[in-house]
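Here is a short report on one protein model. Please read it alongside the sequence and the coordinates.

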Amino acid sequence: MNNFPKSRALRGAFLKGMRAGLAGHLKTECPYIDRRKPSGKLSWSRAFINAWHDGWAFANEDKEQALITAQYTSAALGMP
């Protein structure tokens with residue numbers, strides 16, 4: 001699981017994507033939208049989109065490991 005983000009915020013996006021993948025959602029259902037700064041430059045939104053897609057892909061590549069990861073991270077973060 002080399003794509004697990006070190007940033008806490010991006011970790012949350014990864015876990016949301018992983019849960020969506022486990023729930024059978026489509027990759028196109030990513031809740032993050034591409035935002036740009038008024039100057040037209042990119043913002044951090046692409047990082048969240050990529051983290052969500054990485055989580056979704058992880059869940060679809062190895063469901064058993066994703067279920068274990070979801071269980072441990074939910075317990076550690078106090079999530080249902």
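**Basis and confidence**

This is a predicted model, in which local features need pLDDT of at least 70, side-chain atom pairs count only at pLDDT 80 or more, and totals for chains, interfaces and linings use all residues. Residues are numbered from 1 along each chain as its sequence is written, and side-chain values use heavy atoms, without hydrogens or water.

The predictor's confidence in each residue is pLDDT, on a scale from 0 to 100. The protein averages 85, and 88% of the residues score at least 70. Helix 2 has the highest confidence, at a mean of 93, and helix 3 the lowest, at 76. Where pLDDT is low, the predicted coordinates should not be read in detail. Helices are DSSP runs (H or I, at least four residues), and strands are too (E, at least two); both are numbered from the N terminus.

**Nonpolar cores**

A nonpolar core is a set of buried Ala, Val, Leu, Ile, Met, Phe, Trp, Tyr and Cys residues joined through side-chain atoms within 4.5 Å. Buried means under 20% relative accessible area, exposed means over 50%, and partly exposed lies in between (1.4 Å probe, protein chains only).

The largest core has seven residues: F14, L15, M18, F58, A59, A66 and A70. Helix 1 gives the largest share, three residues. A second, separate core has five residues, among them A20, C30, I49 and W56.

A59 belongs to the largest core. Contact means heavy atoms within 4.5 Å. Leaving aside neighbours within four places in sequence, A59 is in contact with M18, G21, L22 and A66.

**Aromatic pairs**

Rings of Phe, Tyr and Trp (its six-membered ring) pair if their centres lie within 6.5 Å; planes under 30 degrees apart are stacked, over 60 edge-to-face, and the rest tilted. The structure holds two such pairs.

| Pair | Centre distance | Plane angle | Class |
|---|---|---|---|
| F14 and F58 | 6.1 Å | 35 degrees | tilted |
| Y32 and F48 | 5.8 Å | 35 degrees | tilted |

F14 lies in helix 1 and F58 in helix 2, so this pair ties together parts 44 residues apart in sequence. Both F14 and F58 are buried. The other pair, Y32 and F48, links the loop between helix 1 and helix 2 with helix 2, 16 residues apart. Y32 is partly exposed, at 23% relative accessibility. F48 is partly exposed, at 23%.

**Salt bridge**

How many salt bridges does a search of the whole structure find? It finds one. A salt bridge here needs a side-chain nitrogen of Lys or Arg within 4 Å of a carboxyl oxygen of Asp or Glu. The side chains of D34 and R46 meet at 2.9 Å, N to O. D34 lies in the loop between helix 1 (8–22) and helix 2, and R46 in helix 2, so the pair ties together parts 12 residues apart in sequence. D34 is partly exposed, at 37%. R46 is also partly exposed, at 34%.

**Two single residues**

D54 sits in helix 2 (residues 45–61). D54 counts as partly exposed, at 30% relative accessibility.

G24 is in the loop between helix 1 and helix 2. G24 counts as exposed, at 59%. From G24 to A59 the C-alpha distance is 9.5 Å, and the two are 35 residues apart in sequence.
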